[in-house]
Amino acid sequence: MHGGEEPDRPYSLVVLDVDGTLVDSFGWFCGVLNGVADRYRFRRVASDEVDTLRRLGAREILRRLGIPRWKVPFIARHMHALAARDAETLRPFPAIPAMLADLAAMGMPLAILTSNREDVVRRVLGPEAASRIGAWSCGASIFGKAPKLRRLVARAHLPAARVLCIGDEVRDAEAARVVGCAFGAVAWGYTNVRALEALAPEHLFAQPEDITALLREG
């Protein structure tokens, strides 16, 4: 990954979230959530609550489910172990491998910023798609993306404004804002698109091809 700027492009680095952005894992997440709730003694989620929770940020979800902050690292570690167990059942969204290939062909540096484990993400993306990624920052805590993003930007030797962070959650937007990066919200992820739109992201992508179009056309 390098900091050479392309004057005809709006950004010199794209930082990508994984779950809900690159990988279609929301159905899996819903399928394991109540088992995790039983194990860690927080409130189960009824099927008719899901749409409401998708409109909220992580802090509000924790409050709604009665999860104290001290439990979050233990729950996250368990969820990551479940994702590793079930990695063979998870897949990227259908248009994602082509998007990554197109961006790499354009010479656009790509980075991953995720709470998930790198080995799991590589397995789910597959070796070809994973080879498009130039920098990996994995294992972020639920509210710990901003420091990792700041280190990614520093290693790229770029001003933060030249970095586009793409994600599907309120906390992705918050991390981008803290560091001073642009944020691109995706409409196909965990969080309801209207909730993301209310955050006034620099970009709102309806489909992965829109990301390629933005970065190609500048």
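Modeller: Let's start with His157, which is exposed at a relative accessible area of 67%.

Biologist: Happy to. What makes His157 exposed?

Modeller: Exposed means over 50% relative accessible area, buried means under 20%, and partly exposed is in between, using a 1.4 Å probe and protein chains only. His157 has 67%, so the label is exposed. This is a predicted model, in which local features need pLDDT of at least 70 and side-chain atom pairs count only at pLDDT 80 or more, while totals for chains, interfaces and linings use all residues. Residues are numbered from 1 along each chain as its sequence is written, and side-chain values use heavy atoms, with hydrogens and water left out.

Biologist: Where is His157 found, and what is its phi?

Modeller: His157 belongs to the loop between α8 and β4. Helices (H or I, at least four residues) and strands (E, at least two) are DSSP runs, numbered from the N terminus. The phi of His157 is positive, about 55°, although the residue is not a glycine. Most residues other than glycine have a negative phi. Ala200, in the loop between α10 and β6 (203-205), has a positive phi as well, near 55°. Ala200 has a relative accessible area of 53%, so it counts as exposed.

Biologist: Now the rings. How many aromatic pairs does a search of the whole structure find?

Modeller: The search finds 4. Among them, Phe29 and Tyr190 have ring centres 5.6 Å apart and planes at 50°.

Biologist: Why is the pair of Phe29 and Tyr190 called tilted?

Modeller: Rings of Phe, Tyr and Trp (its six-membered ring) pair if their centres lie within 6.5 Å; planes under 30 degrees apart count as stacked, over 60 as edge-to-face and the rest as tilted. The centres of Phe29 and Tyr190 are 5.6 Å apart and the planes stand at 50°, so this is a tilted pair.

Biologist: And which parts does the pair tie together?

Modeller: Phe29 lies in helix α1 (residues 26-40), and Tyr190 in the loop between β5 (182-186) and α10 (193-197), so the tie joins parts that are 161 residues apart in sequence. Phe29 is partly exposed at 25%, while Tyr190, at 12%, counts as buried.

Biologist: How do you know that the charged end of Arg54 sits over the ring of Phe26?

Modeller: A charge sits over a ring if NZ of Lys or CZ of Arg is within 6 Å of the ring centre and within 35 degrees of the ring normal. The charged end of Arg54 is 4.1 Å from the centre of the Phe26 ring. Phe26 also joins a cluster with Phe29 and Tyr190 through ring pairs. Arg54 itself is in the loop between α2 (50-53) and α3, and at 24% it is partly exposed. Leaving aside residues up to four places away in sequence, Arg54 touches Phe26, Gly189, Tyr190, Thr191 and Asn192, where contact means heavy atoms within 4.5 Å. Likewise, Arg59 lies over the face of Phe143, 4.2 Å from the ring centre.

Biologist: On to the helices. At what angle do the axes of α8 and α9 cross?

Modeller: Helix α8 (residues 145-156) and helix α9 (residues 170-179) cross at roughly 50°, their axes coming within 9 Å. That makes α8 oblique to α9: angles under 35 degrees count as roughly parallel, over 145 as roughly antiparallel, 65 to 115 as roughly perpendicular and the rest as oblique. Axes are lines fitted to C-alpha atoms, for helices over the stretch in contact, with angles from 0 to 180 degrees between N-to-C directions.

Biologist: Why is α9 called largely enclosed?

Modeller: Because 7 of its 10 residues are buried. The buried residues of α9 pack against α3 (58-65), α8, β4 (163-167), β5 and α10. Gly180, with a positive phi near 95°, follows α9.

Biologist: And how do α1 and α4 pack?

Modeller: Helix α4 (residues 72-85) packs with α1 at an angle of about 135°, the axes being 11 Å apart. That makes α1 oblique to α4. Their contact includes Phe29 of α1 and Phe74 of α4.
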